[in-house]
There are 2 protein chains.
Amino acid sequence: MTHEFFMQQALKEAQKAYSEGEIPVGAVVVINDRIIARGHNQVERLNDPTAHAEIIALTSAFNFLGAKYLPEGILYVSVEPCLMCAGALYWSKISKIVWGADDEKNGHKRVTGENWPFHPKTEVVKGILKEDCALLMKNFFKDKR
Amino acid sequence: MTHEFFMQQALKEAQKAYSEGEIPVGAVVVINDRIIARGHNQVERLNDPTAHAEIIALTSAFNFLGAKYLPEGILYVSVEPCLMCAGALYWSKISKIVWGADDEKNGHKRVTGENWPFHPKTEVVKGILKEDCALLMKNFFKDKR
């Protein structure tokens with residue numbers, strides 16, 4: 001399975017968020033080429049600004065595995081994680097994070113700069129299907145105006 | 001009511017965590033001199049490394065108020081928030097964060113350095129009852145060894 005395949009699944013989650021009036025970000029957690037958890041942004045529905053796609057997918061993965069670390073896991077997320085989600089991913093000890101579009105406004109890099117926010121063993125891959133991921137966000141905010 | 005009074009309440013939450021075998025961090029959210037939410041670290045119990053005192057207290061406050069922002073709120077927490085909790089506090093737009101002990105290992109400042117991770121309007125006060133807050137952590141890790 002390719003990064004593109006799993007990012008398509010994260011995009012499906014993002015589209016769910018879009019159709020529910022949520023900022024369209026979606027995530028999946030993969031272990032051994034299998035999706036074990038999914039999440040999409042639910043900030044409005046839950047009235048909780050911490051209910052990001054990544055947090056929901058991670059919590060679901062911890063529950064599924066009965067484990068609080070994901071050293072074999074890969075998180076795919078359509079947009080660069082924010083500072084909170086970067087911090088949650090640090091705690092998860094996840095092996096790899098794959099994101100689509102960068103987020104200049106709310107991405108963690110705006111605050112962390114050159115400092116590495118993740119676990120030392122975590123790898124990052126970015127830019128997978130980034131045009132599709134960015135377009136969904138762009139369309140959402142265009143609709144909102 | 002003083003910062004010390006509310007930090008004592010956060011310390012009570014931290015002691016709950018201690019007695020449950022959790023790293024002893026506790027938090028309360030205050031609006032108009034009233035505690036509207038409490039939280040203590042529940043990472044082990046919930047098998048979820050995102051179940052920090054601050055996140056639990058914030059989510060409880062959002063639920064209590066039916067609002068996703070806390071511009072009138074003050075969060076008291078016994079130990080410096082980690083990167084994840086700093087990011088969650090950013091999203092909450094909380095007016096003030098008061099913490100006790102610094103955390104050189106896992107505090108957000110290790111990663112954010114001189115960059116401000118919180119909402120531009122958020123104020124920070126630190127060092128309130130810091131010896132008590134730090135001693136609880138020190139004793140916990142001494143017991144563990």
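Analyst: Buried area is the accessible area (1.4 Å probe) that two parts lose on being put together, summed over both. Between chain B and chain A about 2,500 Å² is buried, and carbon and sulfur atoms give 61% of that area. In chain B, the residues that lose the most area to chain A are B:Pro49, B:Lys68 and B:Trp91, together 25% of what that side buries. This is a predicted model, in which local features need pLDDT of at least 70 and side-chain atom pairs count only at pLDDT 80 or more, while totals for chains, interfaces and linings use all residues. Residues are numbered from 1 along each chain as its sequence is written, chains are lettered from A in the order in which they are written, and side-chain values use heavy atoms, with hydrogens and water left out.

The contact (heavy atoms within 4.5 Å) takes 29 residues from chain B and 29 residues from chain A. Two salt bridges (a side-chain nitrogen of Lys or Arg within 4 Å of a carboxyl oxygen of Asp or Glu) are found across the interface. B:Lys68 forms a salt bridge with A:Glu44, their closest N and O atoms being 2.6 Å apart. Helices here are DSSP runs of H or I with at least four residues, numbered from the N terminus. On the side of chain B that touches chain A, helix H2 (43-46), helix H3 (53-65), H4 and H5 each supply at least two residues. H4(B) gives the most to that side, with seven residues.
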